[in-house]
Amino acid sequence: MVSVSDAGLALQPAAASDFEALLALRIRAMQPSLTALNRFDPQNARERFASIFASEHMHHIVQDGQRVGCVTLRPKPGTLRMDHLYIEPTAQRQGIGAWVMDWACALADLRQHALELAALQGSDANRFYQRHGLVEISRSDFDIEYRRAPAANPLDVVRALWQNFQARDWAAARALLHEDAAIDWPATGERLLGADVFIRTNAQYPEGWSVHLVQLAALQDGRVMSAVRVDHPPGSFLAQSVFRVRDGRIKGGEELWATCGEPPAWRAPQRLPGLQRLALWQAAA
């Protein structure tokens, strides 16, 4: 499994044997647009799909265990090429396509590559891609080619967030968030909905703390994982966060916080051979 979201969505690898099932999905998704343009031809649909079918770069879009679409993302020199983004008609207009675009744009930004794709002229897909920041670069007889230049690297965005927190530069931290960013704190059952709420909540935390970035890594689905140690005498805390970054700003995420402390007496190395004690996470160099 490549990625999972809080909406029950996931991307799973496709195989060459999936060709017929995915062709049928493509026809169901595209037939209304092609029929409206008087261009629906099952044989042409098969030939066109086969011409750029690359199962090694293709994924099933799965929601709650059921396939609801497919997408291909192929690496090319300096670019990522998206093909075959098809959503089942019954699953359209539910945010699935936007979720896939977040994934593709994040991967492109992590590589600092452009994202390119084509859409059928006259299709509603053109408005969808334009809303997601893609710009027309050329036209053919049937298609419009689009391109999106890379935004800031998501790793740099998350690193800057923690740096601004440590500096108490709340305005700079706020600028790194989408207006409607949603950050979940599952341990306390809280959702901080909106950039202002997230910043205000952190700014109002009792003073005396310092934050140290310990780990920063990109996940396979394009999200960014960070681990920090927060020292707030007389105690310390560890936090692991997973953020979704889009167009150079944090769109959402989840943070898990833990209080540092001594393990219970029954978990002593003398009583449990093989158990070792570790130092608190050390700040990254």
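## Salt bridges: the count

The model holds 24 salt bridges, each defined as a side-chain nitrogen of Lys or Arg within 4 Å of a carboxyl oxygen of Asp or Glu. Side chains of opposite charge can pair when their charged atoms come close.

## Basis

This is a predicted model: local features need pLDDT of at least 70, side-chain atom pairs count only at pLDDT 80 or more, and totals for chains, interfaces and linings use all residues. Residues are numbered from 1 along each chain as its sequence is written, and side-chain values use heavy atoms, with hydrogens and water left out.

## Individual pairs

Arg127 pairs with Asp124, with 2.6 Å between the closest N and O atoms. Both partners are partly exposed: Arg127 has a relative accessible area of 49%, and Asp124 has 41%. On this scale buried means under 20% relative accessible area, exposed over 50%, and partly exposed in between (1.4 Å probe, protein chains only).

Asp156 and Arg159 form a salt bridge at 3.0 Å, N to O. Both sit in helix α5 (residues 154–167), three residues apart, about one turn of the helix. Helices are DSSP runs (H or I, at least four residues), as are strands (E, at least two), numbered from the N terminus. Asp156 is partly exposed at 44%; Arg159 is partly exposed at 32%.

## A loop-to-loop link and a network

Glu207 bridges to Arg168, with the closest N and O atoms 2.8 Å apart. Glu207 lies in the loop between α7 (195–203) and β11 (210–218), and Arg168 in the loop between α5 and α6 (170–174), so the pair ties together parts 39 residues apart in sequence. Glu207 counts as exposed at 52% relative accessibility. Arg168 is partly exposed at 23%.

Shared partners also build a network of salt bridges. Asp102, Asp109, Arg148, Arg244, Arg246, Asp247 and Lys251 are joined in it.

## The largest pocket

The largest pocket has about 1200 Å³ of space. A pocket is an open set of points on a 1 Å grid over the protein atoms alone, where a 1.4 Å probe fits, with protein on both sides within 12 Å along at least five of seven lines; lining residues have an atom within 4 Å of a point. Volume is the space filled by probe spheres set on the points.

The lining has 48 residues, and Met30, Leu85, Ser123, Ala125 and Tyr129 are the closest to the pocket centre. Elements giving two or more residues include α1 (19–36), α3 (96–111) and α4 (125–131). β5 gives the most, with seven residues. By class, the lining has 24 nonpolar, ten polar and 14 charged residues. Ala, Val, Leu, Ile, Met, Phe, Trp, Tyr, Cys and Pro count as nonpolar, Asp, Glu, Lys and Arg as charged, and the others, Gly among them, as polar.
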